[in-house]
Amino acid sequence: MNDRPELFRGNRIFLSCIYWAFVLYVFVPLFLMILMGFKDSKFIGFPIRSWTLDWYTGVFADAEVISTFGYSLAIAVLSTLISVLVGTWIAVLLEGRKFLGRTAMFGMTVLPALVPGIISAIAFRIYARYLGIEPGMGAIVWAHAVHNVPFVVLVVMARLSTLPKSQIEAARDLGADPLVSFIRITLPYLVPAILGASIFCLLLSFDDFVRSFFLGGYEPTLPVLIFAKLRSGMSPEINAIATVALILTAAIGIWAERFTRRMNKES
Amino acid sequence: MTNETSGRTFWGRLVGWGPYHTLMRLATASPRRQFVILAAFPILWVLTQHLGPMLQMLRVSLTDAYPVAPGVEQHFTLENYARFFGDSIFWMPFFRTLAFAGVFTFCTLILTYPVAYFLARHVSRKNQMLFLLLLLIPFWVGEIVRTYAIMILLGNTGAVNLVLKWLGLIDRPIPFMYTSFSMGVGIVYLTALYMLLPLYSALEKLPQSMNEAAADLGAGAWTRFRRVSLPLTIEGISSGCTLVFLISTGFYATPVLLGGPSTTVFSETIAGFFHVAGDEWPTGAAFATIMFMAALVITATFQKLMNSLRKGESK
């Protein structure tokens, strides 16, 4: 993109060094964390003198850890379904429509994404008590769903703004009512955005700590379990659990990125 | 809708089906009615689910007991807010949190600006997504896992101390952990992406020709940055800083795990009121409200400042 590279060569070398240093900064801690899960000793720390897979076999044999994975996954899927449904609806209302109070409506829509983590968790905790929702799975699903709605709205609105109006008009001319033209034209057009937003919500929910911590009952989600174990001391067992979680989330993220890009290219 | 081709498909038959037809005609009788049907649920949701929790928190913060025990009357009070100013054990963490968040936000900006600049200006468009994606991968990993990774990096037997010792720079490990330094490294590590993306999209829009023109007129690298790139990316800087500041003030697990007794932040103070018996909830709610208001005022002031700066530059 640089027409005259010779002009900025010195900059480029300097900046590329910074970029790769930044890449090291974001990857090295995770890499070390993964490495430590293979250490044949109970003590976290370098140097690592002998290696083992015992921590991993231990994790996969631990019924508590396995059920925690399932619990977190179930919460993520349920909350994502709600967020996507509500978020798409709000996006359809807000995009390209002028009405009294639209700005206020938009502000309230993005509010949950802007409230700092701890405050959002506290507010949800108080409101759950007010609504009579007991701490536990239902409360976490609800809090994650509300918190993730703004992200769905923003992604779907961006896609919706590029929908050619002529397609809707053509459908209407051919006799489709608003509902049918939405299902047949708008919804298929939104699929890439909805899928992308879903994956994002899944990851947000699966990784969330603060809301799960304050709204959870006795059964921990995965981040809450790791946190609890960390408070009672570091151990390679935690590294093994964290690594499995890391691989899971990174794999979903990479797959989603490729998938949405392919869908965007096709349409 | 008696048209033959549309009669053959499911949707065509649905539209032609009597009861559905009547229902739709009723629903779409006027644009006004159509709008009400579309808007009713979103408005209700946003009011009860998005605004509701915040308003309820505010209400609880103004009461003397919550949840209300049977037979006890609930009273309106400002006591919970007064408590905040009465004890340094409360307002110290509050100001510490704001100071930390400000410093960490600035560090994140300094760290990610060159990275975003490199991505947007020196990488070919084809490779940009690839280079960006490389940085995105670690950010899909959760807050707790990444905090733990920093604990391993900075511990007394951690990688940094190992390398320093190996280089012969130190004899005894430096105690990085449980200080504001370890907390800063952790929080910058967690928030960097939220700064990087707005900066990247602002820099990407900047036409290359501007930099070339400045260079042709004899501006050096530093002048080009200060007089061209920086003023034109103020919007990205402002939204990135706002986002990172808001996120930094809200961390709970990271300060607990990476910080020590001397770095207690306000989120830990707030959380304390919810771990013990329920009668402390109003105070916790009041403190959370104070925190939220302060964060809002600071970010709003900051955005106004940046806006006037931008307008001043363009004159």
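Start with the crossing of two helices: H8(B) passes H10(B) in a right-handed crossing (right-handed if the near helix is turned clockwise from the far one by less than a right angle, left-handed if anticlockwise). This is a predicted model, where local features need pLDDT of at least 70, side-chain atom pairs count only at pLDDT 80 or more, and totals for chains, interfaces and linings use all residues. Residues are numbered from 1 along each chain as its sequence is written, while chains are lettered from A and ligands numbered from 1 in the order in which they are written.

Select residues 143–154 of chain B for H8 and 180–205 for H10. Their axes come within 10 Å and cross at roughly 140 degrees (lines fitted to C-alpha atoms over the stretch in contact, with angles from 0 to 180 degrees between N-to-C directions). H8(B) is therefore oblique to H10(B).

Now show the contact. From H8(B), pick Glu143(B), Arg146(B), Thr147(B), Ile150(B) and Leu154(B). They meet Ser182(B), Val185(B), Gly186(B), Tyr189(B) and Leu190(B) in H10(B) (contact: C-beta atoms, placed from the backbone, within 7 Å). Five of these contact residues are nonpolar, three polar and two charged.

Next, go to Pro67(B), in the loop between helix H4 (31–61) and helix H5 (79–86) of chain B. Buried or exposed? Pro67(B) is exposed, because 12 other C-beta atoms lie within 10 Å (exposed: 12 or fewer; buried: 20 or more).

Finally, colour chain B by pLDDT (the predictor's confidence in each residue, from 0 to 100). The chain B average is 85. Confidence is lowest in helix H1(B), residues 4–8, at a mean of 55, and highest in helix H13(B), residues 234–250, at 93.

Technical notes
Helices (H or I, at least four residues) and strands (E, at least two) are DSSP runs, numbered from the N terminus. Angles under 35 degrees count as roughly parallel, over 145 as roughly antiparallel, 65 to 115 as roughly perpendicular and the rest as oblique. Two residues are in contact if their C-beta atoms, placed from the backbone, lie within 7 Å. Ala, Val, Leu, Ile, Met, Phe, Trp, Tyr, Cys and Pro count as nonpolar, Asp, Glu, Lys and Arg as charged, and the others, Gly among them, as polar.
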